Amino acid sequence: MRFDGRKALRVRMDHKQAVNLMGSDGTWRRSCFLLDVSQSGAKIEVEGTLDVLQAKEFFMLLSSTGLAYRRCELVWIDGTMAGVHFITADGKKKPASAKAAAAPNSTPSK
């Protein structure tokens, strides 16, 4: 039974993982550390000012090239710590097996 009310299991990082936050328009960037993560969100420790996190949406860049990223929205701030929720295009993720079952059979019957 869960007592913390979370829907997804969190994974705590053994070592702080360096990531960056970037405005959805690319006008700002902040260095931070990923402290824990789940399928639906993460807890981060932000370096520098937190005022830019008040933006509706921003990106968490997980790689130095920016090819691995998650779209986020701010949930809470406490000092230098913050909680973010990951935003998906449709709001929910479907398992691959559910997508395959929902697809109609394209083979014509004879």
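This report describes the fold, strand pairing and charged side chains of a predicted model of a protein chain.

## Overall architecture

The protein chain contains one helix and six strands. Along the sequence these elements follow the pattern β-β-β-β-β-β-α. Of its 110 residues, 28% count as buried. Among contacts between residues at least 6 apart in sequence, 44% join residues at least 24 apart.

The six strands form a closed barrel in the order E1-E2-E3-E6-E5-E4, with antiparallel pairing. From one strand to the next, the twist averages 45°.

## Strand pairing in the barrel

Strand E1, residues 11–23, runs antiparallel to E2, and eight bridges join the two. Within this pair, Ala-18 has Phe-33 of E2 as its bridge partner. The hairpin of E1 and E2 has five residues between the strands, and Gly-26 adopts a positive phi near 80° there.

E2 also pairs with E3 in the antiparallel sense, over five bridges. Here Leu-34 is bridged to Ile-44 of E3. The hairpin that E2 and E3 form has three residues between the strands. E3, residues 41–46, in turn pairs with E6, residues 81–86, through five bridges in the antiparallel sense. Glu-45 has Met-81 of E6 as its bridge partner.

## Asp-36 and its surroundings

Asp-36 is located in strand E2. With a relative accessible area of 12%, Asp-36 is buried. Leaving aside neighbours within four places in sequence, Asp-36 is in contact with Arg-10, Val-11, Arg-12, Met-13, Ala-42 and Lys-43. The C-alpha atoms of Asp-36 and Lys-16 are 8.8 Å apart, with 20 residues separating the two positions along the chain.

Because Asp-36 lies in strand E2 and Arg-10 in the segment before E1, the pair ties together parts that are 26 residues apart in sequence. The side chains of Asp-36 and Arg-10 are also joined by a polar contact of 2.8 Å. Asp-36 is buried, whereas Arg-10 counts as partly exposed at 28% relative accessibility.

Val-11, which lies in strand E1, touches Asp-36 together with Leu-35 and Val-37, not counting residues up to four places away in sequence. The C-alpha atoms of Val-11 and Ala-42 are separated by 9.1 Å, and the two residues are 31 positions apart along the chain.

## Further salt bridges

The count of salt bridges comes to three. Glu-45 counts as buried at 18% relative accessibility, while Lys-16 is partly exposed with a relative accessible area of 49%.

Arg-71 and Glu-57 form a salt bridge as well, their closest N and O atoms being 3.1 Å apart. This pair links distant parts of the chain, with Arg-71 in strand E5 (residues 69–78) and Glu-57 in the loop between E3 and strand E4 (58–61), 14 residues apart. Arg-71 is partly exposed, with a relative accessible area of 30%. Glu-57 likewise counts as partly exposed, at 26% relative accessibility.

Arg-30 is placed in strand E2, which spans residues 29–37.

Arg-30 does have a polar partner: a polar contact of 3.0 Å joins its side chain to that of Thr-49. Not counting residues up to four places away in sequence, Arg-30 touches Val-19, Asn-20, Leu-21, Val-46, Glu-47, Thr-49, Asp-51 and Val-52.

How values were computed:
Residues are numbered from 1 along each chain as its sequence is written. This is a predicted model: local features need pLDDT of at least 70, side-chain atom pairs count only at pLDDT 80 or more; totals for chains, interfaces and linings use all residues. Side-chain values use heavy atoms; hydrogens and water are left out. Helices (H or I, at least four residues) and strands (E, at least two) are DSSP runs, numbered from the N terminus. A polar contact is a pair of N or O atoms within 3.5 Å; within protein, one must be able to donate a hydrogen and the other to accept it, and residues adjacent in sequence count only if both atoms are side-chain atoms. Contact means heavy atoms within 4.5 Å. Buried means under 20% relative accessible area, exposed over 50%, partly exposed in between (1.4 Å probe, protein chains only). Two strands pair if DSSP finds at least two bridges between them. Axes are lines fitted to C-alpha atoms, for helices over the stretch in contact, and angles run from 0 to 180 degrees between N-to-C directions. A salt bridge is a side-chain nitrogen of Lys or Arg within 4 Å of a carboxyl oxygen of Asp or Glu.
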